[in-house]
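Hello,

Here is the structure I promised to pass on to you. Please open it alongside this note, and see whether you read it the way I do.

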Amino acid sequence: MNSLYIAATGMMNQQLNVDMISNNLANINTTGFKKSDINFKDLAYKNVVIAKERYSAIGLGSSVDGVRKIFTQGNIKDTGNPLDLAIEGEGYFSVRQADGTLAYTRDGSFRIDSEGRFVNSSGNILEPPVTVEGFFNEILISEKGVISVVEADSEELREIGKITLVRFQNPAGLEAISGNLFKETIASGPAINDNDDGTFGNIRQGYLEMSNINVIEEMVNLIVAQRAYEINSKAIKSSDEMMGMANALRQ
Amino acid sequence: MINGLYLATSGMNVEQKRMDILSNNLANINSTGFKKEKVVFEVYKDRTFLHLLKNQEIGNITGGVVIGQTLLDMSEGSLKQTGNPMDFAVSGMSLFVIDTPDGLRYTKNGAFKIDEDGYLTTQEGYYVQGSVGNILLNDVDSFYVDESGDIYADDNLLDSLNIVSVEEGNHLLMVGNSYFVLREGADFAEDVPVNVMQGYLEGSNVNGIAEMVDMIAITRAYEANLRVIKMSDEVLAKAVNQVGKIV
């Protein structure tokens, strides 16, 4: 009986589905998190003999078609913190990691470190680096990313640097690494630098982009996954019962 | 009597295969663009029985049952809105055309992506076919696909999705990985209105309730056939052990 193994593929896939939904839900409050979705497809078909020289194809179950990141805009939350930045549009912030390589993020919760550098929440330095010197009253970041400070003594506005957004030909090809960061891959293509025309997105100071997870959608997916899992387990149980009956044929 | 044994066995075999096909439907209850299979039974060869002495026909008896054919149920699956511009659903009997290493394949699974060279591909990386071949979406800031499958990039007509249609599900054969091929002798239907929806995926058309009911029917039919075998066995036991026995 193939049905035992066929239904088992369904159960295993639904387990993966629940794993992925759990990760989405666990990150519902993660700044700049992008949800994943998973697609399934049917596995191969096997020809079985049903009568002399007559065949019928029997499917062998299901498999994973692919897991993708969905890069839709997350909700924008007002934090009031002047160093919290949200991107409206498809751009990314670039940061340099401790190992010297570049990574990209939508998480704009920046701070200023002990040396006056703009760093993200995990200490990765903004690329290109921006350093604040001396005392200032206020820090202003324009929609296009120009960073200015109001000097403490002279109360003059002084430009100290600029945040350059990047974008990718195929964001779905980005590799998600921990710490809310993405790395470029062959599939995503190289990072393209902003050309100042604002098509990569506008920066909103004092706001953070939340995750793009929709709880209702995830809950519906969870119900579907659980029921699919359950119904496949029923198929296994039925197959088991049928084999049990055949076994009991000769007492 | 012996005949009854074999007839019931053929019934059990068929129910087992039906269970395999049903399990495949259930395993794919969440597969994008999956179409469920239905089983058609066929009676295996009628045989004429003759009266031994009078050489008269008594009547016909069937030689059991086999699976005649599995039919594709092409009814539409539920539409799921994903909001992802790389997701497509196509209505009814229409399918997308994919260039795979095994040749052209047809699919209802429109979960596509753009590969590193900028081509529209399936998740596996096989090229989705447009009006003249692969669809290049390189250096395109934004694109949208209208209902007829025309692809507009930055508001200019770029290409159109190659979409084929069949008259009935019977003309298609599933080959796995959400691909279909044309059955031998079948042709595509012409001039079928298509409806492409961007940002949607078509779920599978497997209905859990219907499959559960079938599952119960299969288990019970299997059990009933089994009882026939048991009873035939008991009757045979009587014939062997009791008939002609001097009490």
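Below are the findings, starting with the ground rules and then moving from the interface to the helices, sheets and loops.

This is a predicted model, in which local features need pLDDT of at least 70 and side-chain atom pairs count only at pLDDT 80 or more, while totals for chains, interfaces and linings use all residues. Residues are numbered from 1 along each chain as its sequence is written, chains are lettered from A and ligands numbered from 1 in the order in which they are written, and side-chain values use heavy atoms, with hydrogens and water left out.

**The interface**

The contact between the chains draws 57 residues from chain A and 58 residues from chain B, where contact means heavy atoms within 4.5 Å. Chain A and chain B bury about 4,500 Å² between them, and carbon and sulfur atoms give 54% of that area. Buried area here is the accessible area (1.4 Å probe) that two parts lose on being put together, summed over both. On the chain A side, Arg68(A), Ile231(A) and Met242(A) lose the most area to chain B, together 13% of what that side buries.

**Helices**

A word on naming: helices (H or I, at least four residues) and strands (E, at least two) are DSSP runs, numbered from the N terminus. Axes are lines fitted to C-alpha atoms, for helices over the stretch in contact, and angles run from 0 to 180 degrees between N-to-C directions.

The crossing of α2(A) and α1(B) is left-handed, a term used if the near helix is turned anticlockwise from the far one by less than a right angle, with right-handed used if clockwise. From α2(A), the contact is made by Ile231(A), Asn232(A), Ala235(A), Ser238(A), Ser239(A) and Met242(A), and from α1(B) by Glu15(B), Gln16(B), Met19(B), Ser23(B), Leu26(B) and Ala27(B). Those residues divide into six nonpolar, five polar and one charged. In this scheme Ala, Val, Leu, Ile, Met, Phe, Trp, Tyr, Cys and Pro count as nonpolar, Asp, Glu, Lys and Arg as charged, and the others, Gly among them, as polar.

Within chain B, the axes of α1 (residues 2-27) and α2 (residues 208-241) come within 9 Å and cross at roughly 160 degrees. This makes α1(B) roughly antiparallel to α2(B). The contact of α1(B) with α2(B) involves 15 nonpolar, seven polar and four charged residues, and the crossing is left-handed.

**Sheets and hairpins**

Two strands pair if DSSP finds at least two bridges between them. In chain A, an open sheet of three strands runs in the order β12-β13-β14 with antiparallel pairing. Its edge strands are β12 (136-141) and β14 (157-162) of chain A, each pairing on one side only. Strand β13(A) (residues 146-151) is joined to β14(A) by five bridges, and Val150(A) stands opposite Leu157(A).

Chain B has an open sheet of three antiparallel strands, ordered β13-β14-β15. Here β13 (143-145) and β15 (156-160) of chain B are at the edges with a single partner strand each, so one side of each has no neighbour in the sheet. The twist averages 30 degrees from one strand to the next.

Also in chain B, β2(B) and β3(B) form a hairpin with six residues between them, and Asn55(B) in the turn has a positive phi of about 55 degrees. Arg47(B) has Ile61(B) in β3(B) as its bridge partner. The β17(B) and β18(B) hairpin has two residues between its strands, with Asn177(B) at a positive phi near 55 degrees.

**A cis peptide**

Which bond is worth a look in chain A? A cis peptide bond joins Glu127(A) and Pro128(A), with omega about -10 degrees. Pro128(A) lies in the loop between β11 (125-126) and β12 of chain A.

Best wishes

Definitions and conventions
Angles under 35 degrees count as roughly parallel, over 145 as roughly antiparallel, 65 to 115 as roughly perpendicular and the rest as oblique.
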